[in-house]
Amino acid sequence: MNRVIIVGGGLAGMVLAFRLHEEDIPFLLIDKPSLSSSSKVAAGLWNPLVFKRMSKSWMAEELVPELHRFFKTCERKTGVDFLCKRISIKPFTEDQEKTLWKNRVYQDLSTFAEAQDYKGIPQGYEACTFTNGYGKIFESGNVYINTFLEAGKAFFKDCLVEEDFDYAQLQIRERSVVYKNWETETLVFCEGHLVKHNPYFSWIPLKPAKGEILHITAPKLKIKKGVYNRDGFILDSEEGKFIVGSTYNWLELNDKASPAGLKELEKKLSRMISCDYTVISHLAGVRPSSIDRRPIIGAHPKHKHLFVFNGLGAKGVMLAPYFAGKFVHFLKQKQDLPPEVDVARFYKLYAAH
Ligand SMILES: Cc1cc2nc3c(=O)[nH]c(=O)nc-3n(C[C@H](O)[C@H](O)[C@H](O)COP(=O)(O)OP(=O)(O)OC[C@H]3O[C@@H](n4cnc5c(N)ncnc54)[C@H](O)[C@@H]3O)c2cc1C
């Protein structure tokens, strides 16, 4: 394959860059660091369970092993650590919840959790709220996405151009596309929610969701390599610091940390912990969620050299490695994309726009 051009160096674009590198496919990554980026705000958690429904997350058996393989390979290449395996703790409030947990885990979650409930309070969680025992998930953790992106930018410094992609300068030809001095047969847009400004892909049906997050200190919290999940989450980050999240807002789509977001996060915290804390920073971003909660990947219906890799929503860490792999095989060997993620499912919207 000739050199691929990637537009957007968030989680989607950078994971794709590493995937192309694995296959020895050259690429150029164009990213404007000062633009809105969900990846720079995200806690980077992955979890094979959806706590709200106590059900398995979509394709968890395939996605989680690939996530490990992929990020470990990137750690080895860059010499930087960003993958952190954690035990997630799910406190129960009612007996019914415990029964549901045991049944569900027994039925189809046994790879990720134990079909048992624990009594009392786990070590390190003494300042957290427990009223009726808890369950444990082993196969969970987080990726420090900012660290991954910085390591990727340093590793690929010769393939990186830091500038705003100017759509007006893109020339579409029969056999290629040309942008400034660069010609390619494969230009992939990974702009997250900013795809709304892209004249070629603004029709893809995103349903973006603003999210806010806090970084706090709380001397009495002793969580180590864990996550506490109860209508929100708390995880330990650097020494003595914790990340608290997160909110969902589908109306105000901007990166501004808001007083309403702070209030909501403080309310969540009051249900999760009983100790004092200090807010160090309060951040906001916009998740590029799609209307059917699946990634949106593949070729433009009319311009065959233009592609999109987007729609990672709230689960970019789990989805990106596996589907970037599928996408590279689609580009290289013309293997079909799984229909659930193929942008072709929305071609009728392009025809109508
Ligand atoms: C508060 C919050 C918490 C989250 N927590 C988690 C979590 O725990 N786990 C999880 O898996 N996910 C989480 N997410 C979601 C996660 O952030 C996304 O799934 C993922 O980061 C999306 O990556 P992306 O690359 O598609 O988009 P983005 O991260 O938004 O990146 C888009 C990139 O494209 C660039 N770009 C756009 N237009 C142009 C242009 N014209 N020229 C040049 N560059 C351009 C931008 O600069 C940016 O770098 C969270 C999100 C938020 C907001």
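**A hairpin and its sheet**

Author: Let us begin with a pair of strands, β15 and β16, which pair in the antiparallel sense over 4 bridges. Please keep in mind throughout that this is a predicted model.

Reader: Okay, and how many residues sit between β15 and β16 in the hairpin?

Author: There are 4 residues between the two strands of that hairpin, and glycine 240, which is in the turn, has a positive phi of about 75°. Within the pair, aspartate 236 stands opposite phenylalanine 242 in β16.

Reader: What stands opposite phenylalanine 242 on the β13 side, where β13 and β16 are joined?

Author: That is isoleucine 216, which stands opposite phenylalanine 242 in β16. The strands β13 and β16 run antiparallel and are joined by 5 bridges.

Reader: What holds strands together in general?

Author: Strands of a sheet pair through backbone hydrogen bonds, and they can do so either parallel or antiparallel.

Reader: So what is the order of the strands in the open sheet?

Author: The open sheet has 8 strands in the order β3-β7-β6-β14-β15-β16-β13-β17, and its pairing is mixed. The edge strands, each pairing on one side only, are β3 (45-46) and β17 (278-287).

Reader: Which way do β6 and β14 run, parallel or antiparallel?

Author: They run parallel, with 3 bridges joining β6, residues 83-91, to β14, residues 226-229. If you look for serine 88, you will find that its bridge partner in β14 is valine 227.

Reader: Which helix lies across β13 and β14?

Author: That is helix α5, residues 259-272, which lies across β13, β14, β15, β16 and β17 and runs at about 55° to β13.

Reader: Switching topic: which peptide bond is cis?

Author: The cis bond is the one from glycine 245 to serine 246, with omega near -25°, and serine 246 lies in the loop between β16 and α5. Another backbone detail to look at is lysine 225, which has a positive phi of about 50° although it is not a glycine; this lysine 225 is found in the loop between β13 and β14.

Reader: Now zooming out, how is the protein divided?

Author: It is divided into domain 1, made of 4-41 + 147-207 + 291-352, and domain 2, made of 45-143 + 209-287. The contact between them takes 20 residues from domain 1 and 24 residues from domain 2.

Reader: Which element gives the most to the side of domain 1 that touches domain 2?

Author: The helix α6 gives the most to that side, with 6 residues. By class, the residues on this side of domain 1 are 11 nonpolar, 7 polar and 2 charged.

Reader: And the ligand, which residues are closest to it?

Author: The closest are Gly8, Gly10, Gly192, Gly211 and Gly316, in a surrounding set of 41 residues. Each of the two domains, domain 1 and domain 2, gives at least three residues to this shell, and α1 (11-22), β13, β17 and α6 (316-333) each supply at least two residues of it. Its members divide into 18 nonpolar, 16 polar and 7 charged residues.

Reader: Last one: why does the radius of gyration agree with a compact globule?

Author: With 353 residues, a compact globule would have a radius of gyration near 20 Å, and the protein has 21 Å, so the two agree. Along its principal axes, the C-alpha trace spans about 65 × 45 × 40 Å.

Note on methods:
Residues numbered from 1 in each chain as written. Predicted model: local features only at pLDDT ≥ 70, side-chain atom pairs only at ≥ 80, totals over all residues. Pairing = 2+ DSSP bridges. Contact = placed C-beta atoms within 7 Å. Axes fitted to C-alpha atoms, helices over the stretch in contact; angles between N-to-C directions. Near = placed C-beta within 6 Å. Nonpolar A, V, L, I, M, F, W, Y, C, P; charged D, E, K, R; others polar. Domains from an automatic or database assignment. Rg over C-alpha atoms; globule rule 2.2 N^0.38 Å.
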